[in-house]
Amino acid sequence: MKILEFDFVAYPITHSRPTPRDGFSWIESEVGPLTLGVDQSRLWKPSSDGPCLALEMEDFDPTIAGTA
């Protein structure tokens, strides 16, 4: 698989107001060609491991399906 670009960077946080419906919040901003997101979720806690980086891949679905 070929990486096409960085899609977004996300940081877990503890100080935001989660929505009552689903218990988490996601706030994002466009920073040049990248999206920066911050998230509060009971499933993803801040740690010294750092942020999450999502990559846009070429032919992702066919590669995962084994048809590429």
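Biologist: Is Thr35 buried, partly exposed or exposed, and what is its relative accessible area?

Modeller: Buried means under 20% relative accessible area, exposed means over 50%, and partly exposed lies in between, with a 1.4 Å probe and protein chains only. Thr35 is buried, because its relative accessible area is 13%. The model is predicted: local features need pLDDT of at least 70, side-chain atom pairs count only at pLDDT 80 or more, and totals for chains, interfaces and linings use all residues. Residues are numbered from 1 along each chain as its sequence is written, and side-chain values use heavy atoms, with hydrogens and water left out.

Biologist: In which strand does Thr35 lie, and which residues does Thr35 touch, not counting residues up to four places away in sequence?

Modeller: Helices (H or I, at least four residues) and strands (E, at least two) are DSSP runs, numbered from the N terminus. Contact means heavy atoms within 4.5 Å. Thr35 belongs to strand 3. With residues up to four places away in sequence set aside, Thr35 touches Asp7, Phe8, Val9, Glu28, Ser29 and Glu30.

Biologist: Which side chain is joined to that of Thr35 by a polar contact?

Modeller: A polar contact is a pair of N or O atoms within 3.5 Å; within protein, one must be able to donate a hydrogen and the other to accept it, and residues adjacent in sequence count only if both atoms are side-chain atoms. Here the side chains of Thr35 and Glu30 are joined by such a contact of 3.0 Å.

Biologist: What pattern do the helix and strands follow along the sequence, and how do the strands pair?

Modeller: The chain has one helix and four strands, in the pattern β-β-β-β-α. Two strands pair if DSSP finds at least two bridges between them. Strand 1 and strand 4 are antiparallel, with six bridges, and Phe8 has Ala54 in strand 4 as its bridge partner. Strand 1 and strand 3 (residues 34-40) run parallel and are joined by five bridges; Ala10 stands opposite Gly37 of strand 3. Strand 2 and strand 3 run antiparallel, joined by seven bridges, and Glu28 has Gly37 in strand 3 as its bridge partner.

Biologist: Which residues have a positive phi?

Modeller: Among them is Gly32, with a phi near 65°, in the hairpin of strand 2 and strand 3, which has two residues between the strands. Asp59 also has a positive phi, of about 55°, although it is not a glycine. Asp59 is placed in the loop between strand 4 and helix 1 (60-65) and counts as partly exposed, because its relative accessibility is 46%.

Biologist: Where is the nonpolar surface patch, and which residues make it?

Modeller: Patches are made of residues with over 30% relative accessible area and no salt bridge; like charges are joined within 9 Å, and nonpolar side chains (Val, Leu, Ile, Met, Phe, Trp, Tyr) within 5 Å. A salt bridge is a side-chain nitrogen of Lys or Arg within 4 Å of a carboxyl oxygen of Asp or Glu. Accessible areas come from the Shrake-Rupley method with a 1.4 Å probe; for residues, only the protein chains shown count as cover. In this model, Ile3, Phe6, Leu53 and Leu55 make a nonpolar patch of about 370 Å². Strand 1 (3-12) and strand 4 (52-57) each supply at least two of the patch residues.

Biologist: How much of the chain counts as buried?

Modeller: Of its 68 residues, 15% count as buried.
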